[in-house]
Amino acid sequence: MIETLRKIVQTVNEADTLNDALNFIVHEVRAAMQTDVCTIYLRDRDSQRLVFRATEGLNKDKVGQFSLASHEGLVGWVAARGELLNLDDAMNHASFQLVPGLGEETFNSFMGAPIIHQRDPLGVLVVQQSASRRFSDDEEAFLITVSAQLAAVIAHAEVTGAVSSGDAISEQTARITGVPGSPGIGIGTGVFVSPTADLMAVASRPAGNRKRELRAFRGALARVRDDIEVVAENLKDELSPEDHALFSVYLTILDDSTLGGEVASLIKTGEWAQGALSQVMIQHIRHFERMEHSYLRERAVDVRDLGTRVLTYLQDEERAVRDWPENTILVAEEVTASALGEVPRERLVGIVSLRGSSNSHAAILARGMGVPAVLGAADLPYNRLENKTVVVDGYNGRVHINPHEQALARFRMLVNEDRALSEELAVLRDDYCQTRDGRRMPLWVNTGVNADVQRAQENGAEGVGLYRTEITFLLRDRFPSEEEQRQLYREQLEAFAPAPVTMRTLDIGGDKSLPYFPINEDNPFLGWRGIRVTLDHPEIFLAQVRAMLKANEGLGNLRILLPMISGVEELEESLVLMERCHEEVLAEGYSESFPPVGVMIEVPSAVYLATALAERVDFLSVGSNDLTQYLLAVDRNNARVADLYQALHPAVLSALQAIVSAAHGAGKTVSICGELAGDPRAVPLLIAMGFDQLSMSATNVPRVKKVVQTITERDALGVLAKIQGLHSAEQVMAVLDELIHRYELDRFIRLDKGSRQ
Ligand code: PEP
Ligand code: MG
């Protein structure tokens, strides 16, 4: 069964159209279950009817011609209830309905399983048999398993089919749902950026200029050959002649008469070099993988390795000459800081990532840059988006491909509205941020990329509550030296002086892995992360802290923040190291005093230890992104559980209140620098709880300021009182929405999923 499933999933994933996929499924399932009939009905999104889409065993002429209302017949019964139905005497079931012309007359046994993708009923998978028999438990289990597996495949193929129907580039529209990553609407041209050196993820694309592609391929091939010859020469004396002979085999594989030649021929037919290379290599890798003999099967690894090397050179060259469209929508399987850095900022209007969720670091970066983003768009046919019109709706987490002119006009209107609102809010830039009855609330920003500094200043930020130092580390190909760090930190401190700048020590691990310091773990968010890494590598920590202290010379606006602290010992160890750094820099002639130090409260244990931690430092800062993920046990990166990731969950809010009380009880200030601080609707709650500063991405500052200045502290305290005892984030949101409506602030905050945490 596993083998049948694997074959179905793999073949269907590679199918060009949805119809091909469905036909293959009915054929395979009928054969695997040895039934007379296998049929798929799919729900039509507009009419909601169940359309007879593919069959093996019934009248194929009716495919696409016939449909059932959503509750009609046995198929409708299965779809409406979302339950399996197994009958040995189908005709006697109350919902049975004979449709003339389908050819069902002689089938007594019926089994139907609903096809459901993320709670969305997509259709029904049916098998039928003329003999009257009840399908066994095992057969039931098989059909349920097939339909569960197929749901994702069909959802994906549905979109792919819509996008690619027939011609290579169709004008069909499609809409894919993901998770809101960064608010706003971006309209532009899709550009797919394949992950570096991944043969499996290269899009098929027509060659712009065949000769140039051929030249590029030959160039890359020659470079790989040179590399192999160098390695072969270096290892000449260390390998046995038999092992050494492998290098000649590699060179032969790349030869014009073998794979190299096949790739070249494909390029000549009009495929671009990377696409041709990938297609030929995948075909041969699969061929080797299927071989009986284990030695030959293992050669698949060599072929993959050679292909990857050639691809790397091709991609290097492409990057150097890449021409980004004026309105680029960057599409990637996983958007990384370095991929973002490649697109000139003025050309980047939207981001779509197949992986990740609303609090992944890619989303946080996009928000910082003010670029609309959708993450977790897992069903996106990413390699077919090239050069198509793509709209990124970062409010609702949707991606529209080739939208109709009418829809496009509506999106353009939204873009204009957003622009007008920004202009309206811009006048608040220099206002003193306080509520109408005088409660002060300083708004700080989170920074990390260069663009943040400018945006922060344009939006009137009063300080930096979180400078994510790791982003600079992510953009390099090695650890920056102490002096390089000093210069970077100096720029950041100078840009805001005399306003405070809170620099967090390196927080790698989790979803932030440095290319030159890979951390591969099964559970990265529960693994070697943040302070755990830097305490194990004091040389990294010491260099960073020294660089910060030196950068602070003569400015005095530095604050240092420690990430992922889960206990007092970690803090004390860090403080000892920091004191040591301070003594060292003083000895080198620097004179600035020891800066304020703070702890991030983002691990549940730190909530319970907040008093002990606060007593040992100058301030606390709540990392609500991680705190939410750890308190609710919901991976912040996983789109599948995005609905469960609720920063306004009563448990999270109760932790926030406890942290504020602990900090104030110890006479220390407390800020919040997770994304919740930038959610305009959450702001009244945070004010009422007593936070001393809110730190957010620069994009959110104007909207949050508008809310602070419109409400009173009394309103905020009223809201806090009302949410006590509530049991769900939904209920909390309803209370918060009510205040926003009362002050007619809705238009500054789109009240859709997009602005929710
Ligand atoms: C947080 O966890 O809330 C936080 C601010 O840090 P990061 O998002 O970088 O993990
Ligand atoms: Mg964090």
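This is a predicted model: local features need pLDDT of at least 70, side-chain atom pairs count only at pLDDT 80 or more; totals for chains, interfaces and linings use all residues.
Residues are numbered from 1 along each chain as its sequence is written, chains are lettered from A and ligands numbered from 1 in the order in which they are written, and side-chain values use heavy atoms, with hydrogens and water left out.

The chain splits into domain 1 (2-160), domain 2 (173-420) and domain 3 (431-749), with bounds that come from an automatic or database domain assignment. Taken over C-alpha atoms, the centres of domain 1 and domain 2 are 35 Å apart.

On to the metal. The magnesium ion (ligand 2) is held by Glu602 (OE) and Asp626 (OD), at 2.0 to 2.1 Å. Donors here are N, O and S atoms within 2.8 Å of the metal (3.2 Å for Na, K and Ca), and since water is not among the atoms, sites may look incomplete. Glu602 comes from the loop between β19 (597-601) and α19 (604-608), and Asp626 from helix α21 (residues 624-632), so the pair ties together parts that are 24 residues apart in sequence. Helices (H or I, at least four residues) and strands (E, at least two) are DSSP runs, numbered from the N terminus. Glu602 is buried at a relative accessible area of 1%, and Asp626 is buried too, at 2%. Buried stands for under 20% relative accessible area, exposed for over 50%, and partly exposed for anything in between (1.4 Å probe, protein chains only).

The aromatic side chains come next. Rings of Phe, Tyr and Trp (its six-membered ring) pair if their centres lie within 6.5 Å; planes under 30 degrees apart count as stacked, over 60 as edge-to-face and the rest as tilted. By this rule there are seven aromatic pairs. One of them joins Phe52 and Phe66, whose ring centres are 6.1 Å apart with planes at 70°, so the pair is edge-to-face. Phe52 belongs to strand β2 (residues 50-56) and Phe66 to the loop between β2 and β3 (67-68), so this pair links distant parts of the chain, 14 residues apart. Both partners are tucked away: Phe52 is buried at 0% relative accessibility, and Phe66 is buried at 13%.

Tyr467 and Tyr489 make another edge-to-face pair, with ring centres 6.1 Å apart and planes at 85°. Relative accessibility is 3% for the buried Tyr467 and 1% for the buried Tyr489. Elsewhere, Phe473, Phe479, Tyr516, Phe517 and Trp528 form one aromatic cluster.

Helix α24 (residues 701-710) has nine of its 10 residues buried, so it is largely enclosed by the rest of the structure. Among the buried ones are Val701, Pro702, Arg703 and Lys705. The cover over these buried residues includes α12 (405-426), β15 (443-447), α23 (683-689), β22 (693-697) and α26 (729-742), with contact meaning heavy atoms within 4.5 Å.

Over in helix α9 (residues 294-321) sits Thr308. The Thr308 side chain reaches the backbone oxygen of Arg304 at 2.6 Å. Such a polar contact is a pair of N or O atoms within 3.5 Å; within protein, one must be able to donate a hydrogen and the other to accept it, and residues adjacent in sequence count only if both atoms are side-chain atoms. Leaving aside residues up to four places away in sequence, Thr308 touches Ala197 and Leu199.

Last, the backbone. Most residues other than glycine have a negative phi, and most peptide bonds are trans. The Ala497 to Pro498 peptide bond is cis, with omega near 5°, and Pro498 is in the loop between α15 and β17 (501-504). Gln48 has a positive phi, near 65°; Gln48 falls in the loop between β1 (37-43) and β2 and is partly exposed at 34% relative accessible area. Ala633 also has a positive phi, about 55°, and lies in the loop between α21 and α22 (650-665), where Ala633 is exposed at 70%.
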